[in-house]
Amino acid sequence: MRVAARRSSFPPLGDLVLSLHTPARVHIIAVGGAAMGPIATILHACGHVVSGSDQNESAMLDTLRRLGVTVHVGHRAEHVADVEIVIHSAAVRPGNIELDAALERGIPCLNRADAMGVICADKRVIAVSGAHGKTTTSAMLATLMVDAGEDPSFLVGSTVARFGSGVRWTDSSEWFVLEADESDGSFLCANAEAVIVTNADPDHLDFWGTEEALLEGYGRFIDDATIAVVCVENPNSAQLAASRSDGRSNDRMHTYGWFPNGDWKIENLVRERLGSRFRVVGPDGTSTDVVTHVPGDHNALNATAAFVLLRRLGIDASVLARSMATFGGVARRFEFRGEANGVTFVDDYAHLPAEVATNVASAARAGWSRVIAIFQPHRFTRVRDVGREFASSFSGADIVIICGLYAAGQAPIDGITGRTVFDAVDEARRGGEQYYCETRAELADLVPRLVREGDLVLTMNAGDLTTFPDEMLASAWGSRQPDPR
């Protein structure tokens, strides 16, 4: 069975309901989200009159205001009184006052996948997907293409250091670099010419239903592309590549991984605290030395993915290597947040077992005296599906702190809490040092009593824990010496 992208459950849409080149009055519900804000930015850049609403104030709303987008805090029916098209996030359902008002008035309502399909149809798309790694890889692609003389549009799920933004739309290039989201099937609307699959770990099973259906979705994502670059260090993505290739590089399928895996191989890896050095060897035996200033083995893989795809598009290897050495990373991907009293704070968006394991392993290799890993579980459904898989994710951490679960708007599930993850970790680390903090106040009280000079405090979450390093650095603790134990 082939998996199709899930489309809106609302009234059928005509072919020309939304066009990038025909300005319209567009309202976006949940515009403050990381997925919907960029859509507003692109439509505004294309000349549409864009408005939007969200439940709470956010940095995204401030950014949109500066661009000239009209945004509202709170949902009200009158926000859609004079619009021609409504676009809504996957989380917005009938019962939302603005969506209900639009439907009652017969206003066409598009979901995010619908809108992204329209946007992608205007460009030659390079799309990156995977449960983790897609943000950094997409940012690398955009940066390298700019340095190679292209001027691509891009949509990346975080701020790219080089550009100070995660989204840009330009008429000067036919290319569009897209971080393609598998969470709601919208990556299948990208109509991508070239794709990268960084991995295919199970996630978002609340949408897909089963891991098999998710992998079928990834398979279609690959099959619809002219060029596919797939990591073979992940069992699921390796299986997807093997079923579509004879194991050798060809015009369409390219695989990459550590020597001797993949037809593009990473050799001679040298790990450094703030980056790595390695050699990429192509299927014809030619090699290129690469330097990155983003740490971790996973970022060596991400860099290789970007390198392989752009080499396949004809960009010179030496140009790519020079550009990669200047890549400054993206926000919330092993992001240095500050240092006080000899204690370093780093924050990361990791929220899946493999992501947490990768970050902890990278930190453990980097030479800090101790690694204090703090993790906030995210969403009841995710903890229900993979919560116990975090048991082995903290190998290499000296101290582990598990926080209360961040619901992300989901209704509670009986028996599922942050302690679901803590109990699995505690059992796996018997004899280790681990703590559970249900509240932010408990965490703020515990951490200053634990840290000492030379420590790394690594926060990992897709919720609100990301502000904790700033709070620690700004607190009274930041001006006094930590426990010298």
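Author: Ala101 lies in helix 3 (residues 97-104). Helices here are DSSP runs of H or I with at least four residues, numbered from the N terminus, and strands are runs of E with at least two. This is a predicted model: local features need pLDDT of at least 70, side-chain atom pairs count only at pLDDT 80 or more, and totals for chains, interfaces and linings use all residues. Residues are numbered from 1 along each chain as its sequence is written, and side-chain values use heavy atoms, with hydrogens and water left out.

Reader: Why does Ala101 count as buried?

Author: Its relative accessibility is 8%. Buried means under 20% relative accessible area, exposed over 50%, partly exposed in between (1.4 Å probe, protein chains only). Ala101 therefore counts as buried.

Reader: What does Ala101 touch, not counting residues up to four places away in sequence?

Author: Ala77 and Val80. Contact means heavy atoms within 4.5 Å.

Reader: Why is Cys109 in no disulfide?

Author: A disulfide is a pair of cysteine sulfur atoms within 2.5 Å. For Cys109 the nearest cysteine sulfur, that of Cys189, is 17 Å away. Cys109 is buried, with a relative accessible area of 1%.

Reader: What about Cys403, which is in no disulfide?

Author: The nearest cysteine sulfur to Cys403, that of Cys437, is 6.0 Å away. Cys403 is also buried, at 6% relative accessible area. By this rule the count comes to zero disulfides.

Reader: What makes a set of residues a nonpolar core?

Author: The members are buried Ala, Val, Leu, Ile, Met, Phe, Trp, Tyr and Cys residues, joined through side-chain atoms within 4.5 Å. The largest such core has 55 residues; Ile28, Ile39, Ile87, Phe176 and Leu178 have the most contacts inside it. Helix 7 (residues 211-223) gives the most to this core, with six residues. A second, separate core has 40 residues, including Val177 and Leu301.

Reader: Which residues is Ile39 in contact with, leaving aside its neighbours within four places in sequence?

Author: Ile28, Ile87, Arg112, Ala115, Met116 and Ile119.

Reader: What makes an open set of points a pocket?

Author: On a 1 Å grid over the protein atoms alone, a 1.4 Å probe is fitted; a pocket is an open set with protein on both sides within 12 Å along at least five of seven lines, and lining residues have an atom within 4 Å of a point. The second largest pocket has a volume of about 360 Å³, where volume is the space filled by probe spheres set on the points, joined across faces, edges and corners. Of its 22 lining residues, Leu274, Phe334, Glu335, Phe336 and Val346 are the closest to its centre. Strand 16 gives the most to this lining, with three residues.
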